[in-house]
Amino acid sequence: MWKNVIAWLIWLIGVSALYLFANNAGTLIVLLLSALIPVLLATAAELSAKHIAAELEFPEAANKDASISGILKVTNNGILPLQRAEYRIVCENRFTGEKTENVVLVFCKSKSCVETAVRLCSKYCGVIDITDAGARVKDTFGLISRKVKGFEQKSICVAPRCFDLEIALIEDINVITDS
C-alpha cells in the first residue's frame, strides 16, 4: 500500500512540475484529475466497505487427498460498487498443524452478490479449521485499505482413505455339510 501512495505522490510532483513549466489548460486538467480521481475512488471504497457481508460455504466432511470445493459469497448492499476486496483464508489441520493460506480477490457491483469458488486439499486426515486471517477492502489504485468483517469460522472433517471390506469364507473339511 505504501508503495502505491509514494508512487502517486511522485506522479503528483511530476505533473505539478509539468504544469509549472508548461502552464496551459491541458496540464492543469491532468493535474486536477490526477489529484481528484484517486481521492474520489478512495472515498467510494471507504463508503462501500460499510455495506458488505461475506459468507463461506464448505461441506462438513471430505475425503483425504480429494479436492474440497467451497463458495465464498460476498454481498454488497450499498449503492457504490465494491472496487476490490481481499479475503485471506487460512486452513489449519488440528491433527497435524498443517497450515495453508489462500488469497481471494473479489469485485462486486452495487446491490448484488458475487460467488467465488474456493478450493483446498488436505494430504492428511483430521479436522480442518477454516478461518479469516483478514478481510480488507481496497480502492482501485491501492492507496487505502480498510479492514472489514470477514466470515465465520468453518470446520471440515477429513476422513482417511478406507478400503472395501472383503470377507472370504473357507470351508473346513471337518465341517459336516448338509446336502
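Strand S1 (residues 52-57) gives five residues to the lining of the largest pocket, the most of any contributor. Helices (H or I, at least four residues) and strands (E, at least two) are DSSP runs, numbered from the N terminus. This is a predicted model, where local features need pLDDT of at least 70 and side-chain atom pairs count only at pLDDT 80 or more, while totals for chains, interfaces and linings use all residues. Residues are numbered from 1 along each chain as its sequence is written, and side-chain values use heavy atoms, leaving out hydrogens and water.

Let's stay with that pocket for a moment. Its lining includes Ile 52, Leu 56, Lys 149 and Phe 151. By type, the lining residues are five nonpolar, one polar and four charged; here Ala, Val, Leu, Ile, Met, Phe, Trp, Tyr, Cys and Pro count as nonpolar, Asp, Glu, Lys and Arg as charged, and the others, Gly among them, as polar.

Now find helix H2, which runs over residues 25-48. Along H2, the buried residues include Leu 31, Pro 38 and Ala 42, where buried means under 20% relative accessible area, exposed over 50% and partly exposed in between (1.4 Å probe, protein chains only). An α-helix has 3.6 residues a turn, so residues three or four places apart point the same way. Among the elements covering the buried residues of H2 are helix H1 (2-22) and strand S7 (126-138).

Finally, look for disulfides, pairs of cysteine sulfur atoms within 2.5 Å. The whole structure has zero of them. Cys 125 is in none, as its nearest cysteine sulfur, that of Cys 157, is 8.6 Å away. Cys 125 is partly exposed, with a relative accessible area of 25%.

Methods:
1 Å grid on protein atoms, 1.4 Å probe; cavity = no way out; pocket = protein on both sides within 12 Å on 5 of 7 lines; lining within 4 Å. Expected span 1.5 Å × (residues − 1). Contact = heavy atoms within 4.5 Å.
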